[in-house]
Amino acid sequence: MSATFALAAVACGGSDSPADEGTGATPEPESTSAPAPVTDDPAQQEVVEAREAGEATGEDTREVGSGPTHGGRLVYAIEADTANPFTPYASSCAISCRMIMRAVSDSLYVTDADGDIVGYLVESETHNEDFTEWTMTIRDGIFFHDGTPLTGEAVAYNINLCRLSQLTGPAFLGVDDIVGDGQTVTVTFGLSAATSLSPGLRAESCGFMFSPAWLETLPNNPLYVSPASPLSAEMKAAGKAAATGNPAAPVGLGAFKFVSYTPGNGNSFIAERNPDYWRGPNGITGEEFPYLDEIEFVVAVDIQGRSNGLKAGQFDIIHTSNADEIAKYEGDEDFVLLQANDYGETSHSIINVASGVNPVLSFVRGTEEPIAMDPLGLNRANPLVHLSCRKALAHAFDGERFVDERHQGLVNVANGPFPPGSVGYLEDSGYPSYDPQAARTEFEQCKAESGQNPVTFSFNTTNDTFNVESNELVVAMWSEVFGEELAVSIQPIEQGQYINLALAGVYQMKSWRNHGGVDPVEQWFWWSSSTASPIDPTVPELALNFGRFQDPEIDAAFQVIRHNPDPAARQAAAEDVNRAFGRNVWNFWTHWTLWGIVANPRVQNLTDLAIPGNDENVFPVISGKHHMTQIWCTEGKCHR
């Protein structure tokens, strides 16, 4: 398997986003929805078996009587809007954002059906003898929507903006230079960061390409605003003064071209067919993509509203990670249901443990003085900085009860970041199992170390009903074990602000969903001590390591994962990462996420996208994301 060096920096989203979205019908812990009837259809039974094994890919296996047809307007209801749209270096790009990115642009790399990361806009790649220099050749003859060509210089411009960004820059540590020349782009690493693995500028936010001519017009362009910009103060001021472009009107090179965007719940992003798409009749491959005339992505945060809109014909397709709602569509022949948990995310709660100093960050920044993680003491009252408190809560959580009551038993209880089938998965990771007696023992230590009784902290959640109720059930389990000696306040927060608070470290515990991907190297920047920035509003910094934890064992394991090509060594190192999470409870794991893609039957070929020059298709669905390029609708009409 080809693996990535983490050049594909993403904000919240690798899929990183708030945990299970949706709404329930009752504040009671038990779900009121009955399981869907089990079908005798062999194809459906195969999907159920794959889901139970953690190997559901989301592949659309329907037999279609007629071939692709041009025409149609597809209305896709997505789970959330995007904060700071739509530039890769600034967007808090969760799953819904990635769906839009895949419509209006394409990525340098994609994951194929075998789980290998392969070139897409990249035609080929080579490296020097010591792996400090990688050169990628970019497909020739591809044009952005404004008519400018995709060249090595254009790729280098895109990626260098990500390197300058405070949000995405930390993922590029160890990269000395990125230079474009003609149709090639060369990435140079420092010797200590040399990687025998593909650099993998891949299919996440910074892997999507956008027109440099458009990016140069944007007032938030890091060349104009970043302290690390190589431009002089005069050049930065002049550039920003002339920047009148709109970051929310992206100019990509994808199958669909931007038409309009109105932010907020209930509003939409509209894109129309690109007649000059590189995989279309006027492109370099001579194919017929795309088939649809137009796509409208409608933000529908409430899962019940999203689902009802599909049933009423308001929407043609929806996605959801709410297994309770997915269960209602199993065996329902009026809709197409694709299920995917292979390479999926882990639902969990992130815990803010910012304290002490960060010597790794001091070394990276070349400072002699230690960098304090919480210089103003903002996280000092958080009892969860103490391992005993984290272990107590983990022992007091009944995972089987949780997945049965909130997710119809369709998902599996998680014991670490890597789901079954992934590199690094362990049946026993050492993470605390449900054990009320052990929980009470740890809690006594927690009270002593924190100096609190009751032990008090805030637990953030997004403001949809289902998510609030799920976290209320978690708190109820804790209260059953600890009684009045624990005081947890649940704080619902609008999703647009939710991610930003995690980046800034303004929270104590937050429910979350992240870490989907085909290789553990993709998780490095979420867990590295070098990306754990301090909490200091006077010098605001954003951290990709949301929990601000520092773990030397995880740092050491990622040296192997990032730089050693031996599969056995990388597997062992990933397992070491898993065990370190188990010992230290840096995150509070709940379950491995199941995604559902649900559509009316007129929407065809939801996931079957070929890769030019490759015998394999694109992997169908990873963490709720799939491609739009290949979709068509029966007789060119998407609505029923």
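Predicted model: local features only at pLDDT ≥ 70, side-chain atom pairs only at ≥ 80, totals over all residues.
**Entry 1: strands β15 and β16**

I began with strand β15 (residues 455-462) and strand β16 (residues 486-493), which run parallel and are joined by eight bridges. I take helices (H or I, at least four residues) and strands (E, at least two) as DSSP runs numbered from the N terminus, and I call two strands paired if DSSP finds at least two bridges between them. Between the two strands the chain passes through helix α13 (residues 465-482), and this β-α-β crossover is right-handed, a term I use if, with the strands pointing away from the viewer, the path from the first strand over the helix to the second runs clockwise.

Within this pair I found valine 455 opposite leucine 486, and phenylalanine 459 with isoleucine 490 as its bridge partner. I also noted that seven of the eight residues of β15 are buried, where buried means under 20% relative accessible area, exposed over 50%, and partly exposed in between, with a 1.4 Å probe and protein chains only.

Residues are numbered from 1 along each chain as its sequence is written, and side-chain values use heavy atoms, with hydrogens and water left out.

**Entry 2: the sheet**

I then looked up the sheet, which is open, has mixed pairing and holds six strands in the order β14-β18-β13-β17-β15-β16. Because β14 (412-413) and β16 stand at the edges with a single partner strand each, one side of each is left without a neighbour in the sheet.

Further in, I saw β15 and β17 paired in the parallel sense over two bridges, with asparagine 460 opposite lysine 510 of β17.

**Entry 3: the backbone in loops**

I found a cis peptide bond between phenylalanine 289 and proline 290, with omega about -15 degrees; proline 290 is in the loop between β9 (268-273) and β10 (294-299). The bond from asparagine 453 to proline 454 is also cis, with omega near 10 degrees, and proline 454 sits in the loop between α12 (436-450) and β15.

Next I checked arginine 548, which has a positive phi of about 60 degrees although it is not a glycine. Arginine 548 lies in the loop between α15 (524-527) and α16 and is buried, with a relative accessible area of 1%.

**Entry 4: two residues compared with the solvent in mind**

Asparagine 379, in the loop between α9 and α10 (387-395), is buried at a relative accessible area of 3%, and a polar atom of its side chain lies 3.0 Å from the backbone oxygen of asparagine 352. Phenylalanine 363, in helix α9, is exposed, with a relative accessible area of 72%.

**Entry 5: the largest pocket**

Last, I noted that the lining of the largest pocket has 21 nonpolar, 17 polar and six charged residues, where Ala, Val, Leu, Ile, Met, Phe, Trp, Tyr, Cys and Pro count as nonpolar, Asp, Glu, Lys and Arg as charged, and the others, Gly among them, as polar.

How values were computed:
Polar contact = N/O pair within 3.5 Å; in protein donor to acceptor, adjacent residues only side chain to side chain.
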